Amino acid sequence: MITPDVRRFGAVKDTLKSFGLPRIIIVVFLVLLWAISMFLEIPFPQLLSDTLVRWGMNGVLVLAMMPSILAGTGLYFGLPIGIICGLLGGVIAIELNLVGITAFFAAIAFSIPFAFVLGWVYGFMLNRIKGSEMTVATYVGFSIVSLMCIFWSMAPFKSPAMAWPIGRGLRVTISLADRYEKVLNNFLSFNIFGIMIPTGLILFLLLMCLIVVLFFNTKTGIALKAGGENPRFAQSSGINVDTMRIVGTIFSTVLGAIGILVYSQSFGFIQLYTAPLFMGFLAAAAILIGGASIKKATILHVLLGTFLFQGLLVVALPVANKVATLGSLAEISRIIVSNGVILYALAQHSGD
Amino acid sequence: MSNEAFVLDMQDIGKEYFGNRVLSAINLQLKPGEIHGIVGENGAGKSTLMNILFGMSVIHSTGGYEGKIRVSGKEAQIKSPLDAMNLGIGMVHQEFMLIPGYTITENIKLNREITKPNLASRIVGKRYDTLDVVAMRRDARKALDKLDMSIDEWATIAGLPVGYMQFVEIARELDKTNLKVLVFDEPTAVLTESEADNLLDAMRVISNHGIAILFITHRLHEIMTVCENITVLRDGKMVAQRKKDETNIYELAELMVGSRVGEVMRKPREDVTDEKPILTIRNLSVEMPGEEVSNVSLDIHKGEIIGIGGLAGQGKIGVANGIMGLFPAEGEVVFDGKQIELNNPTNAMMNSLAFVSEDRRGVGLLLDSSIENNIAFTAIQRQGKYLKKFGPFTQLDKAAVRQTADRMIKELDIRCTGPTQITRRLSGGNQQKVCIARALMLEPKLLFVSEPTRGIDVGAKKLVLQTLVELSEKYGLTVVMTSSELAELRSVCDRIAIVTEGKIAGILKPTDTDVDFGLMMAGEKHDNA
């Protein structure tokens, strides 16, 4: 007989198991780094403030992974495509000389049509290469970044805020200082125990999460999820799985575009050229740390994963600087963690 | 012991998979040059027996087998296919294992090439020897000649007719000098009639060379043409061993099907055909790989439970899949006066047809989703049920889904921890009920159910069948049940259509004799039965 006690123990074990060994290690590692940082007298409230800001600014980019994963096209390594659409919206808003919150939302509005079209084309392509979406996506991401390097260098933008003083094309980094820098971060922000809460930023992230949740409770969202989980099941219910995959890809691309604008306004700069190259990997690593797999993802995975991953990065740098003077240690640890987690997730998948 | 005379002697062979007995007390003896037939329905234990003989890993990873195998009088431990090969046991596969771009010679001698040493190989080893093509061709020729094959040994495999490929496979086995026993596993399934005749001739030629043959098939007349001794398996047991002269097709058919009429769960209705047909199928052809249907015409009457039976691979599964638009189909299907558009699952569902797939885990379920989401899914998508509308947007009405799921769980008696349990954790029988519940949510007038009891334990089988009977009786639902298990068709159906080679071979009553069923399933004419 299974006694209730045994069952409860089993449930605890199940919960721990579903939480996953990599996450336990990361949490322990993060707590350890926090402890060390206190020991080294690095101001903890400052660390937490930075973590919150980076959580909010990266959250939407990580959220962009979710529709793609649930639609069955795997991790959205095509994230640079969405990012580029966002950047386009961003520079158009500057070209039109918009400022403040208007500029931010205008940038989003400008980027969405690009994201729709490119997402559709990209989704169409992913349907032709079923089974190796993630490999191909990685290269598509790389290619489009390079292609856009040519575009940026020839783009017919005139605004002195972005263009080179002489010649054609756009600068590598464009300051948003007089435009919409930190419009979200500063909205209703307040200090508590020395921790600065970027209220607007976090609210915006939660709003995006809410939209995603609502979408997955619509008829289309339900069909999309079923298509990702079991395409043959969905087909037998008359669902066009290919269409659903395209919808998922478009959704991911749009979220990627919005995500980079959120990121840019917090960062204070728009970074063009090769900057978007590896952002897909960082976002993928974050959602995987949160507990997602390449077939399953929830909002909780997005929020938790982004927090853990960014928290780790924030605390790693000052700790590493104090412990060893090796300048690139933080960067090295970031690369090891992010690529290690991606590798782990892919290896897990091929195991079943 | 006198069994020195036997080239292969299998004694008391048995096998259990996880406490589930699939084979017991099989005895099989082969003399050199004997052709021995093995007949049985799908699942009778033929392939398990062969897996044991070939030391397949599926046997040894599940705890091995019982009994003894002697080859040429010596007890043999066959732990891997390589052991079997070294003992001189060969197999002609149903799917050809040939490399299309290689010549016949190269295929025959693959990995057993004859080589000559050369300068390089003297230094770096034998694997770098030059091929002795002349000697290889000579050997290949010899093997082909044994089969009376005039084809050139240097032709490439690609482009050969299917029948020839089979012969190359056989030639490859014959070329192994120690070959003592050759197994033919359903070799004629992919061949045309004349090719099959050639193959039977070749089998006789091979046996004249002193090689014993085990011939597995369900075509009884082929067995009767070439075999000296015949073993009939049913449900993992050896039900009979006959000499050819002492038996006939009818007896074999009866033995194969067996008088295992399950408990009759409902009295067949004799008057169903008086009703107007509700579904008329005309010239339906379905391209379902492995289950092709060609030119099937069938009338299904309102309120009946009709069974579609037949052996695996004959096309019975294809009928429902074709009508429901899951595989490319041609023909005319009219339901309730309305033409059903083929190749369009939505159209079939819109016209009150519903389908429970034979591939429960592959097609029938979202294994990682909850019971309630599974049950509601198709109704949400096809009929817009359980949705709240906000202008152009929709939101799932979770309360309504929960209520319906609770109702279905109670009505079909689905054993679970609750409507949110994921379906992967359910037992096979309960999973099947979830599939049925999902189909019922569409409020169909006709339900196709394929292989409803596949992979379900005995007790649960009865419950699933009971559910179908109740649906028919309570709601007047017309049920088309496709099953490989004749006994279960006979226990619930009003009429049973038997499909062989993609066609309806005939329609029988559940009360017809075993001989009738056996012959019809084996594709034999039975005018005098």
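In which loop of chain A is Asn97(A) placed? In this predicted model, Asn97(A) lies in the loop that links helix H5 (79-95) to H6 of chain A. Asn97(A) is not a glycine, yet its phi is positive, at about 60 degrees. Most residues other than glycine have a negative phi. With 56% relative accessibility, Asn97(A) counts as exposed, because the cut-off for that class is over 50%.

A positive phi also occurs in chain B. Asn343(B), a residue other than glycine, has a phi near 60 degrees. Asn343(B) is placed in the loop between strand E17 (338-339) and helix H12 (345-350) of chain B. Its relative accessible area is 43%, so Asn343(B) is partly exposed.

Helix H6 of chain A, spanning residues 100-128, contains Trp120(A). This tryptophan is partly exposed at 45% relative accessibility. Trp120(A) contributes to a nonpolar surface patch of about 500 Å², together with Phe116(A), Val117(A), Val121(A) and Phe124(A).

Across all chains, a search of the whole structure finds 0 disulfides.

The accessibility values are collected below.

| Residue | Relative accessibility | Class |
|---|---|---|
| Asn97(A) | 56% | exposed |
| Trp120(A) | 45% | partly exposed |
| Asn343(B) | 43% | partly exposed |

Key. Residues are numbered from 1 along each chain as its sequence is written. Chains are lettered from A and ligands numbered from 1 in the order in which they are written. This is a predicted model: local features need pLDDT of at least 70, side-chain atom pairs count only at pLDDT 80 or more; totals for chains, interfaces and linings use all residues. Side-chain values use heavy atoms; hydrogens and water are left out. A disulfide is a pair of cysteine sulfur atoms within 2.5 Å. Patches are made of residues with over 30% relative accessible area and no salt bridge: like charges are joined within 9 Å, nonpolar side chains (Val, Leu, Ile, Met, Phe, Trp, Tyr) within 5 Å. Accessible areas come from the Shrake-Rupley method with a 1.4 Å probe; for residues, only the protein chains shown count as cover. A salt bridge is a side-chain nitrogen of Lys or Arg within 4 Å of a carboxyl oxygen of Asp or Glu. Helices (H or I, at least four residues) and strands (E, at least two) are DSSP runs, numbered from the N terminus. Buried means under 20% relative accessible area, exposed over 50%, partly exposed in between (1.4 Å probe, protein chains only).
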